Amino acid sequence: MDKRPEILIVDDSKTNRAVLRGIFKQNYELVEAEDGEIAIQVLESHPDIALILLDINMPRMNGYELLAYLQQDSQLSNIPVVIDTEFGDEESELKALKLGAMDFLTKPYNPEIVLHRVQNVMAKLQLEQQHTEQRMNEKQIKELRYQAEHDLMTGIYQRETFYTKTVAMLHANTDIKYMLIQWDIERFKVINDLYGTDVGDAVLIGIARTFDDIVLGIGTYGRLTADNFVCCVPKDRISVEQLLKQFEKSFCRLQLNYQISLYAGVYDIHNIEVPIDQMCDRACLALRTIKGNYMKHYAMYDNKLRETMLEEQYIVSEMQSALEEHQFDIYLQPIYNIASEQVVSAEALVRWHHPDKGMIMPGLFIPLFERNGFITKLDAYVWERTCQYLKKRKTEGKKEIPISVNVSRMNLYNPNFCEDMIALLQKYHLDARALKLEITESAYIDNARQLLETMGKLQEYGFKILTDDFGSGYSSLNMLKDVPADILKIDMKFIDDLEHSDRAGNILTSVIRMAKWLDMSVVAEGVETKRQFEFLRSIECDDVQGYYFSRPLPIDQFEALVD
Ligand code: C2E
Ligand code: CA
Ligand code: CA
């Protein structure tokens, strides 16, 4: 049962109190006090008092004084006060009203009027309270809805909201041709690592504000994950280049001496009935084809890509059985010493002999396996096969030729990576010198600390480590000094550039000089011409790998070449 509201009657006259009690007792709980001071004590012990009936003339603390006291207390000032005065005493009524009383009763009491006045005061107050609560609720609901619909850091839509708003927009404007664009920042993590998350956040916010400036009102946009954004815009109003340019401008304002690259995948919307998440997937697919590409910053989704996707699905469905059925094979590409022009090493490169499709090159499946994690299984298989071959040469008493294998960065998440590697060598009674490990440059950025630790352990055991693909992406001379690799493997991109630019030659010269200072030897890969070879010789590069000397060879042909 609901508790009845509690009224405090403050009056020094016993008779008055008795009369008031008679009027209210049916509907209210009653407490009484003989003067202001006692009233204060009662208020302390009765926190739920709903209304005070207050006499003005009382000994010790009178009605005005109690009113003044109540007013200066944040809690007590909320309790409505109805004063009772002698009939016609307008002066005290006015004074009491000024002090915060809400209404007054006049003696002698007319029970019905008294009861109604008090009920009215209570009802009015209750209504006011309800209104404030309602207003608060509406505000809270609005806020909660905003929080749920928006990405809190940038203030733009989050994924689900982007989806619903975009679908609504497409259906409301069937005469407009739209395109959906997914955006991704190249190596966003590096920005966070180099400049701190505040700067990383500023980059993301810069993107959101650029959308506000350009897309607001004509299209939709949102943030999907950390550094992934999406927008849907009318094709004849905005171009991808234009957006890219504006994003760059927003990055310039941050004044970092680092080139932030943004990549875009574009899906042209022909049929608005295609589910929105599928549209995003397709834009994303287009995006993936150019990630890390310096020349191209956006790509369109087309049917060829669709085929690629289907092909990828096929590969995924085949990969496990292919591994079990030994369809993967290693080819060896000899590495030559520049001075002696003799084979001093080799790189193991995987090939897939598919029963129906023939030979599949790693470019077609390695990136996919790196994404779906299968690469660790394939790598382990390649290492094992390589060790088997090394062991075979050793037992046959053939010349020792160390072979380097590729270590995909995903292996670095395996906490037992070092132990597994060592166990593999021991299984085939091999020396750590026999197997070199190629770790691609970009892995150094993503796992810096963990990688350095792992490298340290491997090197301690005697493994030689190569920094693969140096110069292909975010490499700097600075990185050279931070990463204690034994051998620097220079990417073909550098070699390619040699023909066209003097600067490439100069940079290469200093990279090699720097590597020498740091006690690393240098292998250049992708060497295809005599000119390239001669140039590399002239700047004291140690070894070369490339079609100029030999393509990757099946093991028997490799044997024939080296023995
Ligand atoms: P990578 O590690 O940079 O390997 C060098 C690639 O350059 C090989 O391509 C090789 O055939 C090619 N190449 C060598 N000399 C020349 C040249 O003179 N000109 C040109 N244009 N290319 C040359 P391949 O065998 O197609 O392998 C491509 C990539 O696939 C490798 O790049 C590596 O990242 C990956 N890969 C290959 N095998 C494995 C593996 O067993 N495990 C992992 N994780 N990755 C592998
Ligand atoms: Ca390699
Ligand atoms: Ca390489």
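Between which two strands is the loop that holds Glu341? Glu341 is placed in the loop between β11 (328-337) and β12, where helices (H or I, at least four residues) and strands (E, at least two) are DSSP runs numbered from the N terminus.

## Basis of the model

This is a predicted model, in which local features need pLDDT of at least 70 and side-chain atom pairs count only at pLDDT 80 or more, while totals for chains, interfaces and linings use all residues. Residues are numbered from 1 along each chain as its sequence is written, chains are lettered from A and ligands numbered from 1 in the order in which they are written, and side-chain values use heavy atoms, with hydrogens and water left out.

A polar side-chain atom of Arg351 lies 2.8 Å from a ligand oxygen, and a side-chain N or O atom of Glu347 is 3.2 Å from an oxygen of ligand 1. With Tyr547, a polar backbone atom is 2.8 Å from an oxygen atom of the ligand. On its own, ligand 1 has 790 Å² of accessible area, of which the protein covers 83%; such areas come from the Shrake-Rupley method with a 1.4 Å probe, and for residues only the protein chains shown count as cover.

## Nonpolar cores

In soluble globular proteins, nonpolar side chains tend to be buried together. A nonpolar core is a set of buried Ala, Val, Leu, Ile, Met, Phe, Trp, Tyr and Cys residues joined through side-chain atoms within 4.5 Å; buried means under 20% relative accessible area, exposed over 50% and partly exposed in between (1.4 Å probe, protein chains only). The largest core has 79 residues, and Phe328, Phe365, Phe369 and Leu536 have the most contacts inside it. The element that gives the most to this core is α13, with eight residues.

Apart from neighbours within four places in sequence, Leu536 is in contact (heavy atoms within 4.5 Å) with Ile338, Ile495, Leu508, Ala524, Val527, Cys541 and Val544. A second, separate core has 32 residues, including Ile156, Trp183, Ile207 and Phe229.

## Backbone features in loops

The peptide bond from Lys107 to Pro108 is cis, with omega near -10°, and Pro108 is in the loop between β5 (103-107) and α5 (111-149). Two residues other than glycine have positive phi: Arg60, near 60°, and Glu341, about 55°. Arg60 is in the loop between β3 (49-55) and α3 (63-71) and is exposed, with a relative accessible area of 58%, whereas Glu341 is partly exposed at 37%.

## Asp491

Asp491 is in the loop between β17 (487-490) and α18 (492-498) and counts as buried, at 11% relative accessibility. Beyond its neighbours within four places in sequence, Asp491 is in contact with Asp469, Phe470, Gly471, Ser472 and Glu525. Asp491 and Glu91 are 400 residues apart in sequence and 97 Å apart in space, C-alpha to C-alpha.

Note on methods:
Polar contact = N/O pair within 3.5 Å; in protein donor to acceptor, adjacent residues only side chain to side chain.
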